[in-house]
Amino acid sequence: YVRFHLISPLIQQSAENIVLFDTFVNILSHNLGEPAYEADVAQLEYKLVPGEHGLVVRVKGFNHKLPLLFQLIIDYLSDFSFTPAVFEMITEQLKKTYFNILIKPETLAKDMRLLILEHGRWSMIDKYQTLMNGLSIESLSSFVKAFKSQLFVEGLVQGNFTS
């Protein structure tokens, strides 16, 4: 089991940064779909989870090939690229996801409660409005570059690994 938390102070600075981060993680997951398929068949699992303060990369499975899968994820993260078509597809999916959260009273109430309790939190309404106002490909590219330049990493490795 390998878990790394890539922490960046950039994410919580604005609602736009949070939306750009969500877009970035979704595009990264989309890009990894085909190359990581063989790892999935070999019973290796990975998950990219966008957190409040950064990206959590979780990988688990048999230890002899796990570093290869982790290296694949890191390679795609470091050489992040996307096409305009993928950008449009992911932003449309995010619009639907945010809207579905907003139309459910229980999730909207939870979001409002957390907005009151947590300092520096951006509401789902702010995120949805930011996305509806439009994101540019250039803003995503500059965000990803800034995100990668301001990273702090915490990691946990459990299992049959040497130091």
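Biologist: Which helix gives the most to the lining of the largest pocket?
Modeller: That's H5, with 4 residues. Keep in mind that this is a predicted model, where local features need pLDDT of at least 70 and side-chain atom pairs pLDDT 80 or more, while totals for chains, interfaces and linings use all residues. Residues are numbered from 1 along each chain as its sequence is written, and side-chain values use heavy atoms, without hydrogens and water.

Biologist: What makes H5 a helix?
Modeller: H5 covers residues 105-117, and a helix here is a DSSP run of H or I with at least four residues, numbered from the N terminus (a strand is a run of E with at least two).

Biologist: How many of the lining residues are nonpolar, polar and charged?
Modeller: The lining has 9 nonpolar, 4 polar and 6 charged residues. Asp111 and Arg121, both in the lining, go with the charged class, because Asp, Glu, Lys and Arg count as charged.

Biologist: Why is the contact of Asp111 with Arg121 called a salt bridge?
Modeller: Their closest N and O atoms are 3.5 Å apart. A salt bridge needs a side-chain nitrogen of Lys or Arg within 4 Å of a carboxyl oxygen of Asp or Glu, so the pair qualifies. The two sit 10 residues apart, Asp111 in H5 and Arg121 in the loop between H5 and H6.

Biologist: Which residues join Asp111 and Arg121 in one salt-bridge network?
Modeller: Glu118 bridges Arg121 at 3.3 Å, and Glu118 itself is partly exposed at 26%. Shared partners join Glu52, Asp111, Glu118 and Arg121 into one network. The structure holds 5 salt bridges.

Biologist: What about Lys95 and Glu92: how far apart are they in helix H4?
Modeller: They're 3 residues apart, which means about one helical turn between them. Their side chains meet in a salt bridge of 3.2 Å, N to O. Lys95, at 22%, is partly exposed, and Glu92 is too, at 37%.

Biologist: How do you know that strands S1 and S3 pair?
Modeller: DSSP has to find at least two bridges, and S1 (residues 2-7) and S3 (residues 54-60) have 6, so they pair. They run antiparallel, with Phe4 opposite Val57. S1 also pairs with S4 (residues 152-157) in the antiparallel sense, over 6 bridges, and there Val2 stands opposite Val157.

Conventions:
On a 1 Å grid over the protein atoms alone, a cavity is a set of points where a 1.4 Å probe fits but cannot get out, and a pocket is an open set with protein on both sides within 12 Å along at least five of seven lines; lining residues have an atom within 4 Å of a point. Buried means under 20% relative accessible area, exposed over 50%, partly exposed in between (1.4 Å probe, protein chains only).
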